[in-house]
Amino acid sequence: MENGSSKGDVPEDANAHLVAIAERMATVKHKILVLSGKGGVGKSTFSAQLSFALAEMDHQVGLLDIDICGPSIPKMLGVEGQDIHQSNLGWSPIYVESNLGVMSIGFMLPNPDDAVIWRGPRKNRLIKQFLKDVDWGEIDYLVVDAPPGTSDEHISIVQYLQATEVDGAIIVTTPQQVSLIDVRKEINFCKKVGVPVLGVVENMSGLRQAFTDLKFVKPGPAGETDATEWAMNYIKEKAPELLSVVACSEVFDSSKGGAEKMCHEMGVPFLGKVPMDPQLCKAAEEGRSCFADQRCSASAPALKSIIDKLIKTK
């Protein structure tokens, strides 16, 4: 396993480029890092929906994907397969809307299935180039989607942005202890490098699904058979009031207090809970905003409440 620079935490060529990065970032009012201690907690989904929401509030928004080895942002914003263009001002972001631009290594891969097998110094160089060369123009928010953990990419982004007044980091977790253990490390990383923790989001906080979206199966000796149509017809006839309720289930064990208790113990803000919503997963797969219609009725209000809280804080 590579530990990066022999000098430890600081990329070797960082200081030589801080001035150029600071000049580029001078047109960006707010810079927000989105972090997670563990992968698979919905961090990129949150980054994408945060960017959609800010853009729908008429802010000028940029979303920078520095998850070099797992760039999922192009798909989650519906801009896969686009090509980056250069001008005399630098690299031009890919625009989802006129006020929402995206930059990711995903746009640079000849084949989306290609693996990015890079050591730390090469990752650092690309992050530096993203910060120094991408022409965001005058924007209100730059959301930076980082990979999970506290590795080279995190050290680089903090070091390169140290002179540009980063607003802080949002940390995404799930309720169970196996995720919270790593989130504690992430919070301590932020404290050590001087990045304010804007708050923690507990994602996948129980499953919430409209009763009419449920599927039913009937177990039998030969296996399961689909009983959805039969069940729905029976319910319509015998208990139609059930069709308007929402089914809830605790997917992860939160008996030890989850993220809210951890935030209280560590002295950081708790921004709120987002339930696991199959419709939100579908929106991410289709590269669209969960706020555009009423389909994400379980998750969109929770996300909106968290984002409103964040905006008021800032």
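This is a predicted model: local features need pLDDT of at least 70, side-chain atom pairs count only at pLDDT 80 or more; totals for chains, interfaces and linings use all residues.
Residues are numbered from 1 along each chain as its sequence is written, and side-chain values use heavy atoms, with hydrogens and water left out. Local features need pLDDT of at least 70 and side-chain atom pairs count only at pLDDT 80 or more, while totals for chains, interfaces and linings use all residues.

In soluble globular proteins, nonpolar side chains tend to be buried together. A nonpolar core is here a set of buried Ala, Val, Leu, Ile, Met, Phe, Trp, Tyr and Cys residues joined through side-chain atoms within 4.5 Å. Buried means under 20% relative accessible area, exposed over 50%, and partly exposed in between, with a 1.4 Å probe and protein chains only. The largest nonpolar core has 43 residues, and Leu33, Leu64, Leu131, Ile157 and Ile187 have the most contacts inside it. Helix α6 (residues 177-193) gives the most to this core, 5 residues; helices (H or I, at least four residues) and strands (E, at least two) are DSSP runs, numbered from the N terminus. Leaving out residues up to four places away in sequence, Ile157 touches Leu33, Ile66, Ile127, Leu131 and Val144, where contact means heavy atoms within 4.5 Å. Another core, of 38 residues, lies apart from the largest one, and Phe52, Leu63, Ala300 and Ile307 are among its members.

The structure holds 3 aromatic pairs. Rings of Phe, Tyr and Trp (its six-membered ring) pair if their centres lie within 6.5 Å; planes under 30 degrees apart count as stacked, over 60 as edge-to-face and the rest as tilted. One of the pairs is Trp91 with Phe130, edge-to-face at 5.9 Å centre to centre and 75 degrees between the planes. Trp91 is in strand β4 (residues 90-92) and Phe130 in helix α4 (residues 120-133), so the pair ties together parts that are 39 residues apart in sequence. Trp91 is buried, with a relative accessible area of 10%, and Phe130 is buried at 0%. Phe211 and Phe216 form a tilted pair, because their ring centres are 6.1 Å apart and their planes stand at 55 degrees. Phe211 is buried at 12% relative accessibility, whereas Phe216 is partly exposed at 24%.

The spaces come next. On a 1 Å grid over the protein atoms alone, a cavity is a set of points where a 1.4 Å probe fits but cannot get out, and a pocket is an open set with protein on both sides within 12 Å along at least five of seven lines; lining residues have an atom within 4 Å of a point. Grid points are joined across faces, edges and corners, and a volume is the space filled by probe spheres set on the points. The second largest pocket has about 410 Å³ of space. Its lining has 24 residues, of which Gly42, Lys43, Thr45, Met76 and Met204 are the closest to its centre. Helix α9 gives the most to this lining, with 4 residues. The largest cavity has a volume of about 30 Å³, and α2 supplies the largest share of its lining, 3 residues.

Glu165 lies in the loop between α5 (152-160) and β8 (168-173) and is exposed at 68% relative accessibility. Met204 lies in the loop between β9 (197-202) and β10 (207-210) and is buried at 18%.
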